[in-house]
Structures are given as structure tokens and as C-alpha cells.
Amino acid sequence: MSKIEEVKAKVEAGKTKLVAGLVQEALDEGNSPNDILQAMVDSMGVVGDKFSSGELFVPEMLIAAKAMSKGVDVLKPLMAGDSSNSLGTCIIGTVEGDLHDIGKNLVSMMIESAGFNLVDIGVDVPAQKFVDAIKENNNVTLVACSGLLTTTMPALKEAVQTIKASGLEGFKVIVGGAPVTPEFAEEIGADGYAPDAGSAVVKAKELVK
Ligand code: B1M
């Protein structure tokens, strides 16, 4: 088994203590951070499928997520890019009722690398908290709302509409997460949508330029 396959297997199995070391070994073998990251994202897909089919339960999903986070911590410094913060401040959070944060954290990592000052307001974020964060931070140019559950799509809508109704200006709102579609993003009044962390950066730069 290659190191990258080992990383994948240990994330799936939720081996929290082993993943960071294996990610480092995979890097030492010459694998790129992107390939290792993709392997871990694939693992979460497998975990999700096993959850859907009743093979795994919430605690196993949680521990796999923790294992992946340990691996991402090792990759984060290697994916750092422009630290000038020249693109302004980005407020990011997962919407109310939703505890999923791996996707948000990956989007955060990429957006920060692109040159934004990143303010992560966490998970289960009520709509008004996005507005408060915009008021509390300087030079906010982007607000990013993540949602992973079909049941929290209404919360995504509420977040975007509350932000838009606040009367605050000078920023764009981008949404994303597995159940979100470009049509839904448009329908709820978001300025942009991205299907993954890589395209979130492209869209973020396009929106604030
Ligand atoms: Co949950 N979960 N989960 N879960 N979980 C999913 C999402 C699910 C698809 C699993 C399944 O059934 N196959 C399913 C949702 C079904 C649906 O709504 N259609 C589900 C469910 C049902 C639930 C619970 C309801 C289970 C229960 O309690 N019965 C519960 C809800 C809790 C809550 O939030 N209130 C729950 C709980 C959990 C854990 C807490 C155990 C854990 C999360 C831990 C954590 O995040 N710290 C968990 C996990 C780990 C998953 C899966 C397995 C993995 C999620 C993940 O991290 N993926 C997931 C199955 C799956 O994804 N296939 C599942 C990897 C990550 C990199 O991808 O988050 O999609 P993702 O992010 C991507 C893109 O979506 C996009 O870019 C990211 C990177 O490319 N993106 C954006 C995300 N945000 C973006 C924002 C943007 C742009 C792009 O702009 C702002």
C-alpha cells in the first residue's frame, strides 16, 4: 500500500493519532499536498457513503473528521501563499444548525492563501452573527457562508438575506457546500457560488476585484 493509500485508509478508520505522521511521510515520499488532501477528501466521501448505507454511525463520522483535521494541520503551512491580506477581510462561517466544518476550513485555508485576512466565526452561526462580524471587522470585502445539510439550506438563505437586508455595503457574499447549486445561490441572492475550495478562491478573487 502506498503512503497516500495509507493516509486514506487511516482517515477512514479514524486513526487520529496516526494520520499526521502518515501525511508527513507521504510528503517526504514526494507526494504533493494537493494529492494528499484529495485522498483525505475522498476518504470522507467513503465515510459518508458508509454512513448512508448504515455501515457507519455518527461517532465514526466524527472521529474520521477529527483524523482528517489532523492531516490538514500538517498540510496547512505548505499551502500558504500570499500573506499580504491585500484582498481585504473575509468573514466565513457554517450556517445555523450545521456543525460541519472541514469544507469550511479548507475554503478558509485557500482563501487566506490567496491574500485575504480571514475571520472564521465557526459553525452553527446564526444569520445575525454574520452581520455583527461584518460590523466588528475592518475592510470586509467578502462574506462566505457554508452549509452541508439539505436541512440547513433555509439557514443559508436566511444568512444571505439577513446580510443583504442589513444595509451594510462594500462586500460580496459567496455560498457553497455539498447541497448548494448555482441556481439555489442565485435564488437566495448570493453574489457568488463555488462547488469546492479551489473554485471558491477563483470566485472570491473575481468578486472582490
Ligand atoms: Co454529517 N452528513 N451529519 N457529519 N457528514 C454528511 C454531510 C452527509 C452527506 C452524510 C451522508 O448521509 N452521506 C449527510 C447530509 C445529507 C444531506 O443533508 N443531504 C450528513 C448528515 C445526515 C449528518 C447528521 C444529520 C447525522 C445525524 O446526526 N443523524 C449530523 C448533522 C449534525 C449537524 O450539523 N447539525 C451530521 C454530523 C456529522 C459529524 C459531526 C459527525 C461530522 C462532521 C464533523 C466536522 O465537520 N467537524 C460529519 C461528517 C464528517 C460528514 C461527512 C462524512 C463528511 C463531511 C466532510 O467533511 N466532507 C459527510 C459525507 C460527505 O461529505 N460525503 C456528511 C469533506 C469536505 C472536504 O467536503 O464539506 O463537502 P465538504 O466541503 C467541500 C465542498 O462542499 C465545498 O468545498 C469543500 C472543499 O472542496 N464547500 C464550499 C464547503 N463549504 C463551502 C463554502 C463555499 C464554497 C465551497 O463558499 C462559501
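1. The cobalt atom of the ligand has H100 as its only protein donor, through NE2 at 2.2 Å; donors here are N, O and S atoms within 2.8 Å of the metal (3.2 Å for Na, K and Ca), and water is not among the atoms, so sites may look incomplete. H100 itself is found in the loop between β1 (89–94) and α5 (102–113), where helices (H or I, at least four residues) and strands (E, at least two) are DSSP runs numbered from the N terminus.

2. The model is predicted, with local features needing pLDDT of at least 70 and side-chain atom pairs counting only at pLDDT 80 or more, while totals for chains, interfaces and linings use all residues. Residues are numbered from 1 along each chain as its sequence is written, and side-chain values use heavy atoms, with hydrogens and water left out.

3. The largest pocket has a volume of about 1,400 Å³, and among its 45 lining residues H100, I102, G103, K104 and L148 lie nearest its centre. On a 1 Å grid over the protein atoms alone, a pocket is an open set of points with protein on both sides within 12 Å along at least five of seven lines, a cavity is a set where a 1.4 Å probe fits but cannot get out, and lining residues have an atom within 4 Å of a point. Grid points are joined across faces, edges and corners, and a volume is the space filled by probe spheres set on the points.

4. At least two residues of the lining of the largest pocket come from each of α3 (33–52), α4 (58–75), α5, β3 (140–146), β4 (172–176) and α9 (197–208), and α3 gives the most, with 10 residues. By class this lining holds 28 nonpolar, 13 polar and 4 charged residues, with Ala, Val, Leu, Ile, Met, Phe, Trp, Tyr, Cys and Pro counted as nonpolar, Asp, Glu, Lys and Arg as charged, and the others, Gly among them, as polar.

5. The second largest pocket holds about 200 Å³ of space, and of the 13 residues that line this pocket, V72, D73, K76, N105 and L106 are the closest to its centre. Two or more lining residues come from each of α4, α5 and β2 (117–120), with the largest share, 6 residues, from α5. The lining of the second largest pocket divides into 6 nonpolar, 3 polar and 4 charged residues.

6. The structure holds 1 cavity of 30 Å³ or more, and the largest cavity has a volume of about 30 Å³. Its lining is made by E96, V125, P126, A127, A155, E158 and A159, and helix α7 (residues 153–165) gives the most, with 3 residues.

7. L142 is placed in strand β3 and counts as buried because its relative accessibility is 0%, buried meaning under 20% relative accessible area, exposed over 50% and partly exposed in between (1.4 Å probe, protein chains only). Not counting residues up to four places away in sequence, L142 touches residues including C90, I111, F116, I174 and L207, a contact being heavy atoms within 4.5 Å.

8. A search of the whole structure finds 0 disulfides, a disulfide being a pair of cysteine sulfur atoms within 2.5 Å. The sulfur of C145 is 9.3 Å from the closest cysteine sulfur, in C90, and is therefore too far away for a bond. C90 is buried, with a relative accessible area of 0%, and C145 is buried with a relative accessible area of 3%.
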